Amino acid sequence: MSLRVSVIGTGYLGATHAACMAELGFQVIGLDVDREKLEALAEGILPFHEPGLPELLKKHVASGQLRFTDSYAEVAQAADIHFITVGTPQRTDSTSADMSYVDGSVDSLLEHITGQALIVGKSTVPVGTARRLSERIAEKALPGSKISLAWNPEFLREGFAVKDTLTPDRLVYGVQNDEDLALIRQVYASILARKTPEVVTDLETSELVKVAANAFLATKISFINAFAEVTETVGGDIATLADAIGYDDRIGRRFLNAGVGFGGGCLPKDIRALQARVSELGLSHTMGFLAEVDQINLRRRDRVVSLTETMLDYSVEGKKVCVLGVTFKPNSDDVRDSPALDIAVRLYNSGADVSVYDPQGNENARRRFPRLNYVGSWREAAAEADVVLLLTEWDEFRVLEPHDLAPLVRQQQLIDGRNVLSRSLWREAGWKITGPGERFEVPSPDLDTRTLGILQVPGAQT
Ligand code: UDX
């Protein structure tokens, strides 16, 4: 008999996983506590932007392969393998992960599963969670039931969620016995048949793989951004530096783009939760460098705010700032922990008149911060601008040319926060342009030359 699959929690990860499990040929039931969300999902309407996912949802709801419910009783009856994909957001009272959704969903399943079942955690969790949940299962499972637990982290990127799920670069699972392994291999049989690397390990390693991967990526970005602080001070070209070290296979060029830093729903929260977890384990110094990674990352935002203030003659009050891009990265509508939104809000709070245009993110940003002036095109955002800030590298901004913006703006000043525009092209057209990693000379009445990199890089004085 074909495996029946449930997916508990239909957020980013869960909605994608459910649709992809159906695409792999399984009967899938997705559970969420939010009825409205379920009704929308059943029609392929997502509360977030993810290319290809609405089509996949519609296709499999129509074929009957995928359905949704808010009933744990129904899910317990309808599936043999239950994927836990609920969120583990940062707690409001600390930097630890909030485990209440994971714990709550496992408890709810345990109340209803009467036969044999495998629960597979996919949520990003503090190491030790799976072991703790296994004990909880042993304690709380209904008499007569036989329930096991495995962990199977997910590495999907927003904007590529379907592709990353259907053609992952590796599959990782922490299992406790051969029977569970056989079941998980059945789920991923078609992916494994393509010789996708498979890592079979214990529960703790599987949990750590996920946080280690995200901590490494965050560190790589902050590493190049730390060098950006250096080139901002002494001169040099940060992109060339990244290219040159990136040719070394051991280093690699990806995730070495200096800019406004990382944001989103994963990297910032995961490095903080990892530090909190290792501190709980009595290893507070072990991940101390991640505090520095976080600080370097946050200083990138300070730098863009400082550059903007400098370009606006140290007074942003009443000046018109055009912000291009407000999501944490392109091809997403996600503004969680977005450096771009943070910068826009800080300038607004200093008195600037901030106009924002993002191809997908305006609505989410407006919900979080309604007071910025959200407009429907880069042309509107740039109208009468004293400075243009390119903060998220959407394709439509990468191809902008000086003559596109020149007739619109009040002053030809641009901060390219993602280093995607040609400096020479814009300078030749008469623009003042700078960006992360670049030494920016500011003429001042008091000093012969003020170099922002020297005077204002936070931390440079220590
Ligand atoms: C990340 C991981 O990549 C993924 O494997 C994990 O499952 C979830 O977290 P995501 O949050 O979708 O995925 O974003 P990602 O593409 O990794 O980008 C993260 C942030 O880093 C973005 O804000 C991006 O703009 C920034 N970034 C990325 C840089 O600043 N420089 C780079 O060179 C690369």
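This is a predicted model: local features need pLDDT of at least 70, side-chain atom pairs count only at pLDDT 80 or more; totals for chains, interfaces and linings use all residues.
## Surface and burial

Of the 462 residues in the protein chain, 55% count as buried.

## Overall form

The protein chain contains 20 helices and 16 strands. Its C-alpha atoms fill a box of roughly 85 × 45 × 40 Å along the principal axes.

Among contacts with a separation of 6 or more, 72% join residues 24 or more positions apart. The mean positions of the 49 positive and 64 negative charges lie 1 Å apart.

## Aromatic pairs

The structure holds 6 aromatic pairs. One of them joins phenylalanine 223 and phenylalanine 227; this pair is tilted, with 5.1 Å centre to centre and 45° between the planes. Both residues belong to helix 10 (residues 203-234), and because they are 4 residues apart there, about one helical turn separates them. Phenylalanine 223 is partly exposed at 43% relative accessible area, and phenylalanine 227 is partly exposed at 35%.

Tyrosine 357 and phenylalanine 397 have ring centres 5.9 Å apart and planes at 75°, so this pair is edge-to-face. Tyrosine 357 lies in strand 10 (residues 353-357) and phenylalanine 397 in helix 17 (residues 395-398); the pair therefore ties together parts that are 40 residues apart in sequence. Tyrosine 357 is buried, with a relative accessible area of 9%, and phenylalanine 397 is buried, with 0%.

How values were computed:
Residues are numbered from 1 along each chain as its sequence is written. Side-chain values use heavy atoms; hydrogens and water are left out. Helices (H or I, at least four residues) and strands (E, at least two) are DSSP runs, numbered from the N terminus. Buried means under 20% relative accessible area, exposed over 50%, partly exposed in between (1.4 Å probe, protein chains only). Contact means heavy atoms within 4.5 Å. Lys and Arg count as positive and Asp and Glu as negative; His and the chain ends are not counted. The place of a charge is taken as NZ of Lys, CZ of Arg, CG of Asp or CD of Glu. Rings of Phe, Tyr and Trp (its six-membered ring) pair if their centres lie within 6.5 Å; planes under 30 degrees apart count as stacked, over 60 as edge-to-face and the rest as tilted.
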